[in-house]
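Thanks for coming, everyone. I would like to walk you through two contact surfaces in the model now going up on the screen, and I will give the cut-offs as we go.

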There are 2 protein chains.
Amino acid sequence: MKKSEFSEWFNELLVDAQIMDVRYPVKGFYVWFPFGFNLRNRTYNVLRSLLDTDHEEAYFPLLIPEHELLKESEHIKGFEDEVFWVTRGGSTTLDVPLALRPTSETAMYPMFSIWIRSHADLPLRLYQLVNTFRYETKHTRPLIRLREITSFLEAHTAHETWEDAKLQTEVAIKLYKEFYDGLGVPYVISRRPDWDKFPGADYTIAFDTLMPDGKSLQIGTIHHLGTKFAKTFDIMYEDRDGEQQYVNQTCYGVSERCIAALISVHGDDKGLILPPEVAPTQVVIIPIFKTAADDEALIEACEWVARELSEYRTTIDLADERPGAKYYKWERQGVPIRVEVGPRDLAEGSVTVARRDTGEKESVPRAQLSAHIAQLACDILANIAGKAHAFMLSKTNVIDKPEEAKGQHGMFKIAWCGSEDCGRTLEVLSDADILGEFEEASESFCPICNATTYVQALLARPY
Amino acid sequence: MKKSEFSEWFNELLVDAQIMDVRYPVKGFYVWFPFGFNLRNRTYNVLRSLLDTDHEEAYFPLLIPEHELLKESEHIKGFEDEVFWVTRGGSTTLDVPLALRPTSETAMYPMFSIWIRSHADLPLRLYQLVNTFRYETKHTRPLIRLREITSFLEAHTAHETWEDAKLQTEVAIKLYKEFYDGLGVPYVISRRPDWDKFPGADYTIAFDTLMPDGKSLQIGTIHHLGTKFAKTFDIMYEDRDGEQQYVNQTCYGVSERCIAALISVHGDDKGLILPPEVAPTQVVIIPIFKTAADDEALIEACEWVARELSEYRTTIDLADERPGAKYYKWERQGVPIRVEVGPRDLAEGSVTVARRDTGEKESVPRAQLSAHIAQLACDILANIAGKAHAFMLSKTNVIDKPEEAKGQHGMFKIAWCGSEDCGRTLEVLSDADILGEFEEASESFCPICNATTYVQALLARPY
């Protein structure tokens with residue numbers, strides 16, 4: 001498995017590390033192996049616990065009647081080519097075709113219209129973790145471009161004012177920062193150009209990361225919906241002066257691309273490298289049997305280690321295999337820390353601790369084990385996060401002319417006046433897409449029209 | 001809300017207690033309110049933790065290609081009238097229609113055929129918690145008869161021998177017993193008659209409870225699949241002698257009917273009564289303000305209570321409402337325990353503790369509060385479970401002639417020779433269905449053909 005050949009590495013890793021099985025007999029649909037789903041659950045539990053501080057979880061139906069989906073014209077234009085339609089029940093043709101949710105605005109907002117009556121009902125902050133569907137005609141790829149997105153955590157909020165909704169987008173940005181920082185996944189935050197914003201949104205803020213092959217991956221989006229959907233779905237509240245007003249809304253979501261990013265930015269030629277917080281097994285304990293006489297004492301020592309580290313998810317591997325085979329297996333699955341106990345460790349009252357991320361091994365006296373592991377867990381996250389950030393930084397270039405990006409890997413920052421015309425020209429000349437824009441403190445000149453600007457465009461080739 | 005008028009009570013309760021909203025604009029599809037979904041999550045977490053001891057969670061796609069769904073002829077006969085079909089993606093007609101899983105055998109077993117190679121891969125024990133779909137043409141009802149079953153926890157296992165699979169069905173029975181015992185939901189376990197078993201199964205064991213209106217509700221099923229699906233999907237393993245053998249399989253599942261049962265058997269005219277383990281709020285703390293002078297001391301006392309009971313899920317209700325209005329609201333949502341703190345409690349160094357299940361109130365010295373609440377939580381479960389069991393027992397009658405069940409509410413036990421002919425006659429004469437059968441130690445006579453038998457049929461009118 002060579003990470004330098006990323007596409008093959010990714011596909012092999014998914015199977016070898018038991019993340020996803022690509023052999024399901026329908027294009028674009030994949031199976032989560034138990035190990036992968038365990039990692040998925042732990043990762044989403046981190047995100048959930050961040051949301052749970054002021055959001056509530058709910059559940060809205062998968063199937064959306066055609067007339068609701070078609071209500072908001074901009075929105076449906078963005079999705080109509082990608083919607084799966086249920087048209088039959090048993091042998092009956094349905095009166096109203098039902099869409100498999102591509103996203104849940106049109107399932108939720110008819111209910112918001114019933115639920116929201118007064119300013120006292122606001123803000124409303126809900127989320128759900130659901131499967132959503134896109135009839136992708138492009139090349140599909142597990143975790144990245146799927147026809148069944150199995151794990152879309154979508155939040156939807158409603159507020160009194162446009163400004164309140166804007167503040168909520170900032171809360172969401174902070175929340176996703178915390179989520180990805182905890183996973184050591186680097187990101188760049190930008191505002192999508194108008195032609196690439198969420199269909200129906202006032203504006204879209206996106207998180208993108210850089211994959212090992214130099215392509216960018218969108219790993220989270222946050223949309224200010226203004227009153228667009230409120231007007232379509234008639235979501236009004238009585239304000240503090242007794243007047244009826246449309247609510248201002250936001251929505252934001254993360255899909256299993258968070259797992260794609262997590263495994264891609266940290267993994268190496270040996271397999272996965274997982275941040276300790278989400279690793280299904282955090283510490284694997286392996287006895288190094290030499291002579292049968294030691295066996296029982298070694299197993300006892302391993303059990304002592306497991307008890308000593310009872311606050312971690314540990315596994316003692318007693319399988320009838322050589323230690324090397326065990327190392328290989330657990331390294332492939334990204335277990336952050338390995339504790340080995342051999343006869344010499346036993347004699348010295350110590351254990352051997354190996355890190356997955358650096359491969360370093362050291363002897364640790366038993367009395368210091370617990371403190372050592374606690375420190376190591378922090379160090380590992382800091383190290384893999386640092387490496388990942390350094391990689392992304394090394395591949396992010398400030399350029400003056402769009403042609404400099406041509407044929408190059410990575411992300412590119414370039415001045416841009418902000419007009420669609422110049423933006424489209426930048427894209428053609430760089431052979432890359434404008435992911436988004438952000439403001440800089442210093443003035444520069446649009447390389448196309450030469451206008452002065454504070455805006456920088458972020459160019460990349462996205463997945 | 002009169003529980004004696006069960007159907008209306010149930011519908012009102014779902015909205016008033018914020019479990020489910022029935023106003024979604026497609027028949028048979030409902031919305032989980034956040035409170036209801038919280039209760040749902042807590043309930044399923046109990047079931048999950050029981051399964052997690054020796055099952056692994058995975059996830060298989062929602063959409064099943066027509067050719068896989070049609071492979072097992074008995075199975076599809078049982079489902080073909082109830083399957084929703086996706087036939088379009090965007091504006092394209094799909095080459096192969098895709099079924100929304102009615103259950104996941106045909107999604108999972110093609111993968112099992114790839115995954116299982118040797119006896120070392122067995123037993124395989126997986127589960128998933130997913131949405132499944134039935135095109136119900138009967139009257140739909142939230143939590144009970146849905147077109148989108150939002151919360152189907154389905155387990156699927158594979159074993160070397162028929163006997164091993166039978167042992168697994170017994171493990172599953174034990175597991176579901178523990179689950180429902182923990183919720184105080186009574187059940188009767190029986191073997192479904194052959195004409196009502198799961199399509200494709202060797203036999204089906206079912207859990208049924210009795211609803212307040214005297215109708216039965218199936219709340220769990222366990223199927224021994226023998227080698228039927230293994231032969232269809234070619235799931236073979238190399239046995240210990242190097243021979244290729246078909247695996248023996250089981251599957252078992254619970255849907256959100258567990259929530260329907262939970263709220264229906266325990267609730268009363270005031271609303272929900274929840275077992276403490278799954279109640280979103282376990283203890284609500286309410287200050288009883290009399291004079292403004294006491295206010296601060298009362299709030300401090302409430303905060304002391306919350307700290308003292310920090311191992312429970314507590315809420316201090318400081319809303320600007322009269323205590324009576326608060327009692328009413330929290331009673332409706334089934335909060336098991338209410339702690340009131342008024343000026344007299346303050347003066348006496350005590351608090352007033354009220355139970356939701358009996359309405360009893362008593363004064364408890366602060367020093368004894370924590371121990372008192374721990375005891376109360378046990379007592380409440382025991383009391384509501386006891387009441388529910390007593391109700392079901394009082395409605396379960398042993399009868400000699402099927403006509404005795406006619407026009408009566410409840411469950412009926414009657415001797416039966418076991419033949420389909422006599423079974424069908426029993427059903428006609430009693431105007432009820434045979435839910436299932438079980439063996440008794442003592443001999444009796446089939447009331448239809450007079451043959452001697454040890455089998456008893458269980459008659460009821462099911463939802």
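Chain B and chain A bury about 4,300 Å² between them, and 66% of that area lies on carbon and sulfur atoms; buried area here is the accessible area, with a 1.4 Å probe, that two parts lose on being put together, summed over both. Please keep in mind that this is a predicted model, in which local features need pLDDT of at least 70 and side-chain atom pairs count only at pLDDT 80 or more, while totals for chains, interfaces and linings use all residues. Residues are numbered from 1 along each chain as its sequence is written, chains are lettered from A in the order in which they are written, and side-chain values use heavy atoms, with hydrogens and water left out.

In terms of residues, 50 from chain B are in contact with 51 from chain A, where contact means heavy atoms within 4.5 Å. How many salt bridges cross the interface of chain B and chain A? The rule, a side-chain nitrogen of Lys or Arg within 4 Å of a carboxyl oxygen of Asp or Glu, finds zero there. On the side of chain B that touches chain A, strand β5, residues 84–89, gives the most, with six residues.

Turning to symmetry, a rotation of 180° with 0.0 Å of shift along its axis superposes chain B on chain A, with an RMSD of 0.0 Å, the copies being fitted by least squares on the C-alpha atoms of residues with pLDDT of at least 70 in both. That is the relation of a two-fold axis. The same surface serves both copies, since 100% of the contact residues of chain B recur in chain A. The residue of chain B that comes closest to the rotation axis is B:V86, whose C-alpha is at 2.1 Å.

Within chain A, the domain assignment gives domain 1 (6–266), domain 2 (281–375) and domain 3 (397–460). Domain 1 of chain A and domain 3 of chain A bury about 1,100 Å² between them, with zero salt bridges.

Methods:
Domains from an automatic or database assignment. Helix = DSSP H or I, 4+ residues; strand = E, 2+ residues; numbered from the N terminus.
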